[in-house]
Amino acid sequence: MKKVFMILAFYLFTIFAFHLNSKLEGRWKLIDFTGFTTMVGSDAFNKLSEEKKLDAIQGMEFVLNNTFYSFQKDSIFFTNAGPDFSVSEKKGKFLLKSDTLIVFESGKVNPLKFFVSSVNDSNLKLRFVRKGG
């Protein structure tokens, strides 16, 4: 009985992972980043001159408008847009472990981890998982 349960659990996990993987396939645009919201509400931001605030906001808008993620099978291609108005193209591999997206960026040792809050046809919501958490 225990063996049957283990096989069934593995089978269900595999179906769930495949279903989530197939929902990720395609191109996604960054539309929100909570770090920006936190920064704009900070004391440090409020102490900036109006010119510096405008520069920071323009940098944030540039990042939002130029950051994309494309999932294809087990590969991920993405842009890394910076507030200094630079864009670099990156690639790597990814895997899903339950509700956690793990990205192995080419040339990097440590993977990036994200909790998949939700995914549907139009939105992919991720939350960055900090080291140790």
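The side chains of Glu105 and Lys90 form a salt bridge, with N and O 3.1 Å apart. This pair joins distant parts of the chain, since Glu105 lies in strand β5 (residues 100–105) and Lys90 in strand β4, 15 residues apart. A salt bridge here is a side-chain nitrogen of Lys or Arg within 4 Å of a carboxyl oxygen of Asp or Glu. Side chains of opposite charge can pair when their charged atoms come close. Strands (E, at least two residues) and helices (H or I, at least four residues) are DSSP runs, numbered from the N terminus.

The model is predicted: local features need pLDDT of at least 70 and side-chain atom pairs count only at pLDDT 80 or more, while totals for chains, interfaces and linings use all residues. Residues are numbered from 1 along each chain as its sequence is written, and side-chain values use heavy atoms, with hydrogens and water left out.

Consider next how accessible the two partners are. Glu105 has 13% relative accessibility and counts as buried, whereas Lys90, at 22%, is partly exposed. Buried means under 20% relative accessible area, exposed means over 50%, and partly exposed lies in between (1.4 Å probe, protein chains only).

By the salt-bridge rule, the count comes to three. Another of these pairs is Lys93 with Asp74, whose closest N and O atoms are 3.4 Å apart. This pair also links distant parts of the chain: Lys93 is in strand β4 (residues 87–97), and Asp74 is in the loop between β2 (68–72) and β3 (75–81), 19 residues apart. Lys93 is partly exposed at 42% relative accessibility, and Asp74 is partly exposed at 40%.

The remaining salt bridge is between the side chains of Glu50 and Lys53, at 3.5 Å from N to O. Why is the separation of Glu50 and Lys53 about one helical turn? They are three residues apart in helix α4 (residues 50–66), so about one helical turn separates them. Glu50 is exposed, with a relative accessible area of 61%, but Lys53 is buried at 15%.

Helix α4 itself has 17 residues and spans 24 Å from its first C-alpha to its last, close to the 24 Å expected at 1.5 Å a residue. The expected span is 1.5 Å times one less than the number of residues in the helix. Which residues of α4 are buried? They are Lys53, Gly59, Met60, Phe62, Val63 and Leu64. These buried residues pack against β1 (26–29), α2 (34–40), α3 (43–46), β3 and β4, where contact means heavy atoms within 4.5 Å.
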